[in-house]
Amino acid sequence: MLEIIARDHRCQPAEIALAWILRQPGMTAIIEADSPVHPGRLARAKTLALTAADLAAINGVFPPPVIRQPLSRQQ
């Protein structure tokens with residue numbers, strides 16, 4: 001689903017995911033760039049204009065939590 005939205009916006013799925021996260025109240029993104037190209041792509045996420053349909057599609061797959069909860073720990 002992120003791939004479809006990214007194709008519509010002519011960007012990478014990671015940019016769509018970050019653009020969505022940046023619009024969530026109380027959420028913070030910690031980004032690790034593993035390539036010299038990534039910082040520029042990820043910086044563009046801040047200026048992406050996601051449509052209401054884009055946001056609804058993303059929220060349908062990744063619904064924001066309704067209460068505060070700790071992140072799951074992976075071992």
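**View 1. Helices H1 and H2 pack at an angle of about 100 degrees, with their axes 8 Å apart.** Helices here are DSSP runs (H or I, at least four residues), numbered from the N terminus. Axes are lines fitted to C-alpha atoms over the stretch in contact, and angles run from 0 to 180 degrees between N-to-C directions. The angle makes H1 roughly perpendicular to H2 (65 to 115 degrees). H1 brings Leu2, Glu3, Ile5, Ala6 and His9 to the contact, and H2 brings Pro13, Ile16 and Ala17 (contact: heavy atoms within 4.5 Å).

A note before you zoom in: this is a predicted model, in which local features need pLDDT of at least 70 and side-chain atom pairs count only at pLDDT 80 or more, while totals for chains, interfaces and linings use all residues. Residues are numbered from 1 along each chain as its sequence is written, and side-chain values use heavy atoms, leaving out hydrogens and water.

**View 2. Here is the largest nonpolar core, with 13 residues.** Such a core joins buried Ala, Val, Leu, Ile, Met, Phe, Trp, Tyr and Cys residues through side-chain atoms within 4.5 Å; buried means under 20% relative accessible area, with a 1.4 Å probe and protein chains only. Among those with the most contacts inside the core are Ile5, Ile16 and Leu50. H1 (2-9) and H2 (13-22) are the elements that give two or more residues, and H2 gives the most, with 4.

**View 3. Arginine 10 is found in the loop between H1 and H2.** Its phi is near 55 degrees, a positive value in a residue other than glycine.

Notes. Buried < 20%, exposed > 50% of the residue type's maximum accessible area, 1.4 Å probe, protein only. Parallel < 35°, antiparallel > 145°, perpendicular 65-115°, else oblique.
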